[in-house]
Amino acid sequence: MSKIHVMSETLANKISAGEVVEKCSSIVKELVENSIDAKATEIRIELIKGGLESIKVVDNGIGMDKEDAILAFSRHATSKIIRDDDLFFINTMGFRGEALPSIASVAEVILKTCDGASSTLIHIKGGELLENKSGDLRVGTSIIVTNLFYNTPARLKYLKSENTESYNSINLIEKLALAHPNIKFTLTNNEKDVLKTSGSNNLLKAIHEIYGLNVSNKMLEFKASNNDFDIYGFICKPEILRSNRNDLNTFINDRVIRNSEINKAINDAYYTYKPDSKYPIIILKIDTDPTLVDVNIHPTKQDVKLSKIGELCDLIYTTLKNTLYNNLLIPNALKEESVNIIKDSVIKEIVSNMTKDEKVQTQLNFVVEEKNNTPELNTSEELLINKEMKKMVLYPVGLALGTYIIAQNEEGIYLIDQHAAQERINYERYIKSLKNKTITTTQLLIPITIELSSSDFLELKNHLNILTNMGFIIEEFGINTYIIKAHPTWILKDHEEESIRKIIDLVLTIKDKFDPIKFNDNLAKTLACKMSIKANMHISNIAAEELLKELILCDNPYNCPHGRPTIIKLSIYDLERMFKRVMN
Ligand code: ZN
Ligand code: ZN
């Protein structure tokens with residue numbers, strides 16, 4: 001029986017995929033996804049001038065018989081969808097039955113296909129059948145598209161430059177190769193190899209083939225599930241961030257998708273591990289019941305709507321956050337990773353062998369031990385890993401360039417950015433104080449008066465309760481002036497007025513809704529930065545030692561609250577390699 005079925009007219013209307021052909025890469029996408037659906041294990045894409053001159057896709061898939069090959073060019077023919085109901089159970093890539101006729105109506109297409117029994121060649125130009133004869137291909141399909149938009153000059157002018165068109169196609173094939181590490185992809189442009197994957201079915205290997213060793217070496221694996229979703233993939237350590245969102249690779253049931261809520265969950269998981277303007281590299285594979293996915297909201301089928309998106313985003317956020325937390329490392333000065341400070345696998349094994357009581361017990365002991373230094377932590381597992389890190393001791397040897405503390409221990413040499421380090425310590429202290437429900441205040445011997453512009457004065461009046469809730473005793477005091485008689489104790493001594501002015505500035509930026517969590521976080525960051533030693537301020541060795549001790553005790557000692565690194569490490573091995581004491 002023929003594999004392609006003609007859809008009913010209603011179903012065709014239901015799909016109304018719109019314009020699928022708008023640029024070279026959208027043709028490449030349709031053709032390659034056809035190959036994937038044909039169960040190809042090898043797909044070769046050959047572009048000339050980024051596809052502007054010609055696009056050729058060759059696969060070793062199951063091919064088509066003569067009847068199917070002809071049917072593939074008639075509108076509303078598709079092997080992917082059979083009944084209306086199936087539309088909601090789409091587990092294949094899309095509806096390319098729609099695409100081939102559209103492509104053939106605006107270009108010249110030569111299709112060669114062989115299903116093992118028969119081999120067919122079909123030649124169509126501008127929708128008109130020029131040739132239909134026996135072909136000479138081994139099993140698989142080959143399609144060449146040339147003269148794109150030759151008969152629709154209006155659309156021709158929307159095509160971009162060769163560079164842009166090739167870039168789009170490379171980007172697309174990279175994503176498809178990550179979605180299908182079991183398929184061997186080759187992409188050439190003007191007969192030069194651009195991208196090659198081995199089809200090893202190993203995702204990390206595919207990442208290596210696409211991004212190179214420097215990236216694949218810095219990827220962390222994750223895996224988790226809830227009732228509806230299984231997620232799996234790799235995220236990058238915060239040291240190799242990108243300046244755009246292009247490498248947020250998300251796949252649902254092996255289909256490339258885009259979803260802003262998922263992107264937000266990813267971004268949130270890196271909170272304070274990276275600056276806001278940077279984005280991670282991630283390969284996130286989501287498997288779920290296709291009924292939860294609505295792929296039909298956009299003709300290019302990348303934007304999807306999901307039922308239970310909230311649960312999915314929670315799962316993603318928690319999993320990524322824990323993966324990062326459990327793998328936090330000091331970035332190495334050299335590209336290669338050497339000593340892993342956190343022997344997390346060992347510790348994890350210990351924890352997983354513990355009984356529930358033992359876990360609780362360990363946690364209790366630990367909390368008692370570190371009472372004054374430990375910010376809120378969630379699980380005993382995290383506590384144990386943190387405990388291991390907290391054993392690390394750094395001995396300062398000096399200050400370089402008035403900015404970097406040089407320290408050492410038995411593992412190597414460390415460079416610490418003194419501002420970033422103190423900012424992290426202060427940030428965690430402020431956050432802890434701000435979260436504390438019991439407020440203690442300090443009376444000012446000499447009250448502080450703050451004069452404001454009349455508009456700021458009135459504006460502050462609307463938000464005075466924020467300040468009083470924090471523990472300030474603040475009253476109106478003549479024209480446009482407030483008097484502060486007491487402040488919460490966490491305000492740094494000798495920096496009272498400076499701190500209070502900063503807090504008022506921040507209160508005045510509150511627009512409509514007051515979000516206490518966001519406000520506290522902002523406040524902690526601002527004060528932490530303000531109250532930390534700047535670069536080019538010399539500190540003594542004793543002060544440096546104190547700073548390093550406090551830093552190691554932080555929840556996340558490795559980044560400032562803005563996501564910059566605090567410590568960089570040169571391991572003994574790194575040094576020996578640089579000085580050629582060891583070779584390799
Ligand atoms: Zn700062
Ligand atoms: Zn910072």
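**Close-up views of the predicted model**

View 1. Residues are numbered from 1 along each chain as its sequence is written, chains are lettered from A and ligands numbered from 1 in the order in which they are written, and side-chain values use heavy atoms, with hydrogens and water left out. Besides Cys-529 (SG), the zinc ion (ligand 1) has His-419 (NE2) and Glu-423 (OE) as protein donors, and the three lie 2.1 to 2.3 Å from the ion. Donors are N, O and S atoms within 2.8 Å of the metal (3.2 Å for Na, K and Ca); water is not among the atoms, so sites may look incomplete. The spacing of these donor residues in sequence is H-x3-E-x105-C. Glu-423 belongs to helix H14 (residues 418-435) and Cys-529 to helix H18 (residues 516-530), so that the pair, 106 residues apart, links distant parts of the chain. Helices (H or I, at least four residues) and strands (E, at least two) are DSSP runs, numbered from the N terminus.

**View 2. Glu-423 coordinates both zinc ions, ligand 1 and ligand 2, which are 3.9 Å apart.** Glu-423 is buried, its relative accessible area being 2%. Cys-560 is buried at 1% relative accessible area, whereas His-562 is partly exposed at 35%.

**View 3. Helices H17 (residues 496-508) and H18 pack at an angle of about 145 degrees, with their axes 10 Å apart.** Axes are lines fitted to C-alpha atoms, for helices over the stretch in contact, and angles run from 0 to 180 degrees between N-to-C directions. Residues that make the contact include Ile-503 and Leu-506 of H17 and Phe-519 and Leu-523 of H18; contact means heavy atoms within 4.5 Å. By class, the residues of this contact are six nonpolar, three polar and three charged. Ala, Val, Leu, Ile, Met, Phe, Trp, Tyr, Cys and Pro count as nonpolar, Asp, Glu, Lys and Arg as charged, and the others, Gly among them, as polar.

**View 4. The largest nonpolar core has 85 residues.** Such a core is a set of buried Ala, Val, Leu, Ile, Met, Phe, Trp, Tyr and Cys residues joined through side-chain atoms within 4.5 Å. Helix H10 (residues 309-326) gives the largest share of this core, eight residues. Val-32 is one of the residues that touch the most other members. Leaving out residues up to four places away in sequence, Val-32 touches Ile-43, Ile-45, Val-57, Ile-173, Leu-176 and Phe-185. A second, separate core of 33 residues includes Leu-460, Leu-467, Val-507 and Ala-528.

**View 5. Ile-55 lies in strand E3 (residues 54-59).** Ile-55 is buried, with 1% relative accessible area. Val-28 is 27 residues from Ile-55 in sequence, and their C-alpha atoms are 7.2 Å apart. Beyond neighbours within four places in sequence, the contacts of Ile-55 include Cys-24, Leu-31, Leu-47 and Ile-144.

Definitions and conventions: This is a predicted model: local features need pLDDT of at least 70, side-chain atom pairs count only at pLDDT 80 or more; totals for chains, interfaces and linings use all residues. Buried means under 20% relative accessible area, exposed over 50%, partly exposed in between (1.4 Å probe, protein chains only).
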